[in-house]
Amino acid sequence: MKKILCCILLIFGSSVCRAQGIDFVTTSWEETLQNAEKSGKQVFLYVRATSCRYCRQMEKEVFVNQEVIDYYNGDFISYKIDVEDGGAGEALAKQYGIEGFPTYLFLSKNGQKLHQSSGAKPAADFIRDGRNASDPNTALFPMLARYERGGRSPELLFNLSNALSRYMVDANPREKVIEEYLATQSADGLGSERNLRFIFAADLGFKSPATLYLLQNQQKFADLFGKAEAERAAQRIMTRTANMAGRTNDLVLMSELRKVAVDHFADSIKTLSLLQIYFYGGRRDWLNYGRSTLQYGSTVGATDWQTLYETGIYLKTFAKDPEALKTGVEIMARVLEMNKNYEHLCIYAQLQKKLGNKEPALKAAGEALTIATDQGKDGSDARELINELTTISK
């Protein structure tokens with residue numbers, strides 16, 4: 001019986017240990033570096049912030065992954081700091097030039113920076129970060145040093161641009177490195193699967209050669225990623241740029257966008273309509289923003305409730321002109337015809353409330369609350385709105 005109990009305790013004890021996560025040491029940073037030099041292990045510095053949602057996500061979902069635990073506890077001395085502690089953590093982040101979080105910094109046993117990455121990611125990619133740190137052909141800082149000494153081989157430029165994609169600093173040379181890499185490729189070589197994937201993931205500005213290649217060769221990307229995914233990526237680039245053109249009132253840039261839409265988009269009329277919507281949104285011209293969205297929803301965007309919904313949110317939040325608010329009500333009415341849910345009803349009710357239309361606002365808020373109750377979800381927004389409208393009525 002004692003043997004059985006011992007086995008049970010060992011099993012449960014092992015399970016508890018294995019669920020601990022990455023073993024972050026609690027010594028001082030100076031002692032940690034000294035211990036790394038003695039042990040010959042690299043150092044993994046995890047930079048977090050208490051308020052960081054992605055930090056909590058990584059800690060809850062990835063740092064407790066058994067493969068991650070085995071790899072990091074076996075190959076690294078791990079240390080973590082909080083940039084919001086107002087003390088040692090904040091100071092250390094400044095010392096190493098950390099400008100975002102979560103950041104993962106890897107140092108050699110001698111304390112030299114090897115590699116840096118960031119962001120929420122799957123366990124496999126997080127393990128890859130650690131492995132990249134151990135290879136001078138993929139480690140960020142050794143590659144940057146070779147680049148700064150004049151290295152421009154295609155493989156260096158390719159690997160360096162990938163590493164720079166997760167390097168959160170203001171003076172990130174990634175776009176320049178990508179342009180230099182693409183310049184090493186032949187016209188046929190640009191169409192290789194590796195380069196198509198590389199360009200698709202680049203997500204650079206409208207005038208970047210990588211972006212222009214994607215926009216001008218959408219069928220190649222559709223063949224690889226699927227038509228819908230390729231269209232979404234191209235459309236996202238165009239609308240994001242149109243919004244920026246609106247913010248700066250850059251009519252020349254809008255003219256360039258329209259030309260690309262006509263020359264390289266299968267549904268150019270839809271793309272042109274979206275460009276106009278996002279341009280007005282960037283200008284914060286809420287009346288024309290709403291009217292162009294309503295026109296879009298009445299024609300080529302008749303089934304695109306997502307774009308209409310986005311406009312409804314902005315009008316509810318920012319518009320004050322009654323005409324713009326009325327347009328918002330019409331837009332959200334169309335959204336409700338296509339996709340009636342709690343959030344959409346609340347937005348519709350709030351727009352009606354801003355117009356002083358208490359009865360339709362109260363009706364929509366009541367319907368929203370019923371949906372929330374039936375689905376067992378939080379209906380506090382609708383309940384608060386009902387209370388406000390009832391108080392106004394009294």
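Me: At roughly what angle do the axes of α17 and α18 cross?

Reply: This is a predicted model, in which local features need pLDDT of at least 70, side-chain atom pairs count only at pLDDT 80 or more, and totals for chains, interfaces and linings use all residues. Residues are numbered from 1 along each chain as its sequence is written, and side-chain values use heavy atoms, with hydrogens and water left out. Helices (DSSP runs of H or I, at least four residues) and strands (runs of E, at least two) are numbered from the N terminus. The axes of α17 and α18, taken as lines fitted to C-alpha atoms over the stretch in contact, with angles from 0 to 180 degrees between N-to-C directions, come within 10 Å and cross at roughly 160°.

Me: Which term describes α17 and α18, roughly parallel or roughly antiparallel?

Reply: Angles under 35 degrees count as roughly parallel, over 145 as roughly antiparallel, 65 to 115 as roughly perpendicular, and the rest as oblique. The axes of α17 and α18 cross at roughly 160°. The two helices are therefore roughly antiparallel.

Me: Which residues of α17 and α18 make the contact?

Reply: The passage of α17 over α18 is a left-handed crossing, a term for a near helix turned anticlockwise from the far one by less than a right angle (right-handed if clockwise). Contact means heavy atoms within 4.5 Å. On α17 the residues are W286, Y289, G290, T293, Y296 and G297. Their partners on α18 are T307, L308, E310, T311, Y314, L315 and F318.

Me: How is α12 placed relative to α14?

Reply: The axes of α12 (residues 209–216) and α14 come within 10 Å and cross at roughly 125°. That angle makes α12 oblique to α14. In this left-handed crossing, T211, L214 and L215 of α12 meet A234, I237 and M238 of α14. The placement of α12 is therefore oblique.

Me: What are the edge strands of the sheet?

Reply: An open sheet is formed by 4 strands in the order β2-β1-β3-β4, with mixed pairing; two strands pair if DSSP finds at least two bridges between them. The twist from one strand to the next averages 20°. Each edge strand pairs on one side only, and these strands are β2 (76–82) and β4 (113–118).

Me: Which residue in β4 stands opposite L105?

Reply: Strand β1 (residues 42–48) is joined to antiparallel β3 by 5 bridges, and L45 stands opposite L105 in β3. Another 5 bridges join β3 to β4, also antiparallel. In β4, where 5 of 6 residues are buried, the residue opposite L105 is Q116.

Me: What is the relative accessible area of S78?

Reply: S78 belongs to strand β2. Residues up to four places away in sequence aside, S78 touches I22, D23, F24, V25, F44 and Y72. S78 is buried, with a relative accessible area of 1%.

Me: What is the relative accessible area of R284?

Reply: Most residues other than glycine have a negative phi, and most peptide bonds are trans. R284, in the loop between α16 (268–283) and α17, has a positive phi near 60°. R284 is partly exposed, and its relative accessible area is 48%.

Me: What is the phi of N249, about?

Reply: N249 lies in the loop between α14 (227–248) and α15 (251–264). This residue is partly exposed, with a relative accessible area of 44%. Although N249 is not a glycine, its phi is positive, at about 55°.

Technical notes: Buried < 20%, exposed > 50% of the residue type's maximum accessible area, 1.4 Å probe, protein only.
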